[in-house]
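Hello,

Here is the structure you asked for. Please have a look at it first, then read the notes that follow.

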Amino acid sequence: MEDGFAAEKLFNQGFSYTYDDVIFLPHYIDFPTDSVQLATRLTRNISLSVPCVSSPMDTVTEAYMASAMAALGGIGIIHSNTPASQQVAMVQAAKARRVPILSNPVFKSPSDRIDSEEDFSSSPFVLVTESGTSKSKLLGYVSYADWTSLGNKEVKIYDYMVNSGASVPWNYDLGQLDAYLEEEKKEFVPLLKDEEVVDIVTKSEIERIKSYPKLGVGSVAADGSWLVGASIGTREHDKERLKLLVEAGVNVVVLDSSQGNSNYQIDMIKYVKRTYPELDVIGGNVVTMAQAQNLIQAGVDGLRIGMGSGSICTTQEVCAVGRGQATAVYKVSLVASQSGVPIIADGGISNSGHIVKALVLGASTVMMGSFLAGSTEAPGAYETKNGQRVKKYRGMGSLEAMTKGSDARYLGDTATLKIAQGVVGAVADKGSVLKFIPYTMQAVKQGFQDLGASSIKSAHDLLGSKVLRLEVRTGAAQVEGGIHGLVSYEKRSF
């Protein structure tokens with residue numbers, strides 16, 4: 001007598017299944033939830049303490065998100081839909097933080113004037129240096145309170161600035177920064193790295209971060225900076241972008257393509273591994289075993305799985321090409337695991353249950369776009385639409401994103417006519433990833449406990465040994481498995 005089906009049988013019936021189409025049957029529990037370990041591998045050589053990766057999209061991952069994801073134990077992949085110099089600056093900014101603060105300090109010289117409140121928009125303090133840039137000696141600061149109290153705002157900064165060269169090293173952690181501000185009775189302190197001011201930390205930012213679940217060690221590189229990734233394309237000019245990123249200290253590169261099984265990508269993989277043998281490269285996107293095998297043979301250290309499964313992606317609709325994400329993850333994992341290549345389930349993640357399914361079906365990490373968009377750390381400003389606070393979220397295949405250069409991702413940069421494979425939308429304010437990712441990971445641990453899996457490797461082994469069983473859910477079963485039968489309700493995840 002058997003319940004359900006083994007994954008091998010379920011995914012070989014000619015159907016393309018999404019995460020919502022399938023459900024795992026519970027197994028045996030013999031350990032507490034907190035015993036579940038979600039440590040994993042992003043690539044052959046890079047380990048993470050949580051299986052979370054932020055997507056290289058221009059409304060998802062820039063410096064703030066990359067810093068926050070690393071602080072949580074995951075990693076952020078900074079998008080390439082920007083000039084190479086700006087992408088490099090984002091990588092450097094993320095790696096120059098050891099606390100996931102939200103700051104963009106303004107610098108002035110003593111002979112400058114402060115003409116507008118906008119200079120205080122990102123911080124209540126303007127830093128004063130010899131040249132008015134971050135790369136010269138710190139002389140002091142001007143507080144917003146002092147500036148607003150001035151009777152004559154035409155005076156030069158040296159007439160009223162506070163002289164202070166006080167600073168701390170860039171690699172101070174949260175506890176060290178908190179202790180310094182407390183002991184010195186200060187409201188802020190600049191961070192210095194190699195005599196350059198890289199950021200400013202305020203007491204209010206420290207208190208904000210302390211209000212979230214306690215951070216662990218995070219994802220730290222050998223030099224003590226955060227692990228940070230970046231995406232690049234597969235064109236000839238991307239080789240120069242790659243060179244600049246390597247010089248900036250990037251830890252991993254993602255070859256960003258909607259269809260990764262191409263001669264362009266295979267040539268770029270070989271170039272990266274030949275030119276920078278110590279740099280891990282993630283290939284993709286792929287959804288079939290044959291696609292994956294080609295990139296593995298070319299030398300990838302990780303694979304990105306998904307085609308048309310993102311909430312803002314229209315590739316399956318426009319091009320009639322792709323695959324249901326549950327099927328794609330399972331099938332590609334079969335060939336990738338034989339070569340020791342970890343896979344990233346990219347797209348289709350809307351809740352913690354989807355993360356559980358992706359990881360158990362063979363993924364080592366999940367890459368998230370819409371799940372993280374709308375957060376405090378995501379790029380862009382909040383707007384109010386229909387009474388709700390939202391942020392813009394757009395697909396890299398949208399015409400709006402393509403005008404900034406992402407058309408190369410769809411091999412359409414040389415085409416006269418641009419065909420959209422994505423849309424522009426908005427997502428609700430989710431608050432900080434520093435709060436909702438830890439709660440999401442706790443929910444994932446509970447899912448693993450119900451399945452009797454104490455780790456991601458354990459889950460993969462249980463699935464491969466046919467101990468874990470699955471079934472396909474009917475439309476009615478999917479409705480029953482969600483909230484139903486209520487006139488109204490309030491859904492709060494934590």
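A residue counts as buried when its relative accessible area is under 20%, as exposed when that area is over 50%, and as partly exposed in between. Please keep in mind that this is a predicted model.

With that cut-off, Arg304 is a simple case: its relative accessibility is 3%, so Arg304 counts as buried. Asp346, at 11% relative accessibility, counts as buried too. The side chains of these two residues, Asp346 and Arg304, form a salt bridge with an N to O distance of 2.8 Å. Asp346 belongs to strand β17 and Arg304 to strand β16, so the pair ties together parts that are 42 residues apart in sequence.

Strand β15 (residues 280-286) runs parallel to β16 and is joined to it by 4 bridges. Between these two strands the chain passes through helix α9 (residues 289-298), and this β-α-β crossover is right-handed. β16 also pairs with strand β17 (residues 343-346), again in the parallel sense, over 3 bridges. Arg304 stands opposite Gly284, and it also stands opposite Ile344 in β17.

Now to another sheet. Four strands in the order β6-β7-β8-β9 make an open sheet with mixed pairing. β6 (106-108) and β9 (162-163) are at the edges and have a single partner strand each, so one side of each is left without a neighbour in the sheet. The pairing between β6 and strand β7 (residues 125-129) is parallel, over 3 bridges. There, Phe107 stands opposite Leu127 in β7.

How many salt bridges are found in the whole structure? The search gives 20. One of them links the side chains of Asp119 and Lys108, at 3.7 Å from N to O. Asp119 is in the loop between β6 and β7, while Lys108 is in strand β6, so this pair ties together parts that are 11 residues apart in sequence. Asp119 and Lys108 are both buried.

Are Glu207 and Lys210 buried or partly exposed? Glu207 has 37% relative accessibility and therefore counts as partly exposed. Lys210, at 40% relative accessibility, also counts as partly exposed. Their side chains meet in a salt bridge of 3.5 Å, N to O. Both residues are in helix α6 (residues 203-210), and because they are 3 residues apart there, about one helical turn separates them. Glu207 and Lys210 also belong to a network of salt bridges, together with Asp178, Glu182 and Lys203.

The largest share, 6 residues, comes from α3. By type, the lining of the second largest pocket has 15 nonpolar, 9 polar and 12 charged residues.

Regards

Key: Residues are numbered from 1 along each chain as its sequence is written. This is a predicted model: local features need pLDDT of at least 70, side-chain atom pairs count only at pLDDT 80 or more; totals for chains, interfaces and linings use all residues. Side-chain values use heavy atoms; hydrogens and water are left out. Two strands pair if DSSP finds at least two bridges between them. A crossover is right-handed if, with the strands pointing away from the viewer, the path from the first strand over the helix to the second runs clockwise. Ala, Val, Leu, Ile, Met, Phe, Trp, Tyr, Cys and Pro count as nonpolar, Asp, Glu, Lys and Arg as charged, and the others, Gly among them, as polar. A salt bridge is a side-chain nitrogen of Lys or Arg within 4 Å of a carboxyl oxygen of Asp or Glu. Buried means under 20% relative accessible area, exposed over 50%, partly exposed in between (1.4 Å probe, protein chains only).
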